[in-house]
Amino acid sequence: MKSDREKNLSDIVVSLCADYERRKSAIRERSVEGRVLAEYIYINSKLLWAAREICGMEFAERFILDIGGRIGYAKTEMEGYSECTYKKHKSDIKINMMKRLNLI
């Protein structure tokens, strides 16, 4: 069973992943400035880097969206993964995101 701390950190990562596309759009459109833009770039790059280290660039954004949307293996649009590998990668990516964001 997960401790409260682990659950809280997992919830933070899920929330950041859920907001990934909005930040990506704001970065692309330059609809925010200064410090906010820098933070958006920082957060999105850390999430992408963490996912890419586990699953490669081809699937990194899809895993981010699945984590943020709380999408599981049965509902994912991703193809080419066994259920076991998908779940392992998803778990490893979340932990790696916590590390890259200096949460653990």
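Here is a walk through the structure shown above, from the overall fold to single residues.

What you see is a predicted model, so local features are described only where pLDDT is at least 70 and side-chain atom pairs only at pLDDT 80 or more, while totals for chains, interfaces and linings use all residues. Residues are numbered from 1 along each chain as its sequence is written, and side-chain values use heavy atoms, with hydrogens and water left out.

Let's start with the whole chain. It has five helices and zero strands, where helices (H or I, at least four residues) and strands (E, at least two) are DSSP runs numbered from the N terminus. Read along the sequence, the pattern is α-α-α-α-α. The radius of gyration is 14 Å, close to the 13 Å that the globule rule gives for 104 residues, so the chain is as compact as a globular protein of that length. That radius is taken over C-alpha atoms, and the globule rule is 2.2 Å times the number of residues to the power 0.38. Along its principal axes, the C-alpha trace spans about 40 × 30 × 20 Å.

Next, consider how the chain packs. Of its 104 residues, 38% count as buried; buried means under 20% relative accessible area, exposed means over 50%, and partly exposed is in between (1.4 Å probe, protein chains only). The chain exposes about 6,500 Å², and carbon and sulfur atoms supply 52% of that area. Accessible areas come from the Shrake-Rupley method with a 1.4 Å probe, and for residues only the protein chains shown count as cover. Among contacts (heavy atoms within 4.5 Å) between residues at least 6 apart in sequence, 55% join residues at least 24 apart.

The buried residues of α5 are Tyr86, His89, Lys90, Ile93, Lys94, Asn96, Met97 and Met98. Their cover includes α1 (4–18), α3 (34–55) and α4 (57–68).

Charged pairs come next. Side chains of opposite charge can pair when their charged atoms come close. A search of the whole structure finds 11 salt bridges, each being a side-chain nitrogen of Lys or Arg within 4 Å of a carboxyl oxygen of Asp or Glu. Asp19 forms one with Arg22, with the closest N and O atoms 2.7 Å apart, and another with Arg23, at 3.4 Å. Asp19 is partly exposed, with a relative accessible area of 23%, and Arg22 is also partly exposed, at 44%. Arg23, at 2%, counts as buried.

A further salt bridge joins the side chains of Arg62 and Glu77 (3.5 Å, N to O). Arg62 lies in helix α4 and Glu77 in the loop between α4 and α5, so the pair ties together parts that are 15 residues apart in sequence. Glu77 counts as exposed, at 61% relative accessibility.

Salt bridges also link Lys7, Asp11 and Arg70 in a network. Arg70 lies in the loop between α4 and α5 and is exposed, with a relative accessible area of 60%. The backbone of Arg70 deserves a look too: its phi is positive, about 50 degrees, although Arg70 is not a glycine. Asn102, in the segment after α5, likewise has a positive phi, near 60 degrees, in a residue other than glycine. Asn102 is exposed, with a relative accessible area of 61%.
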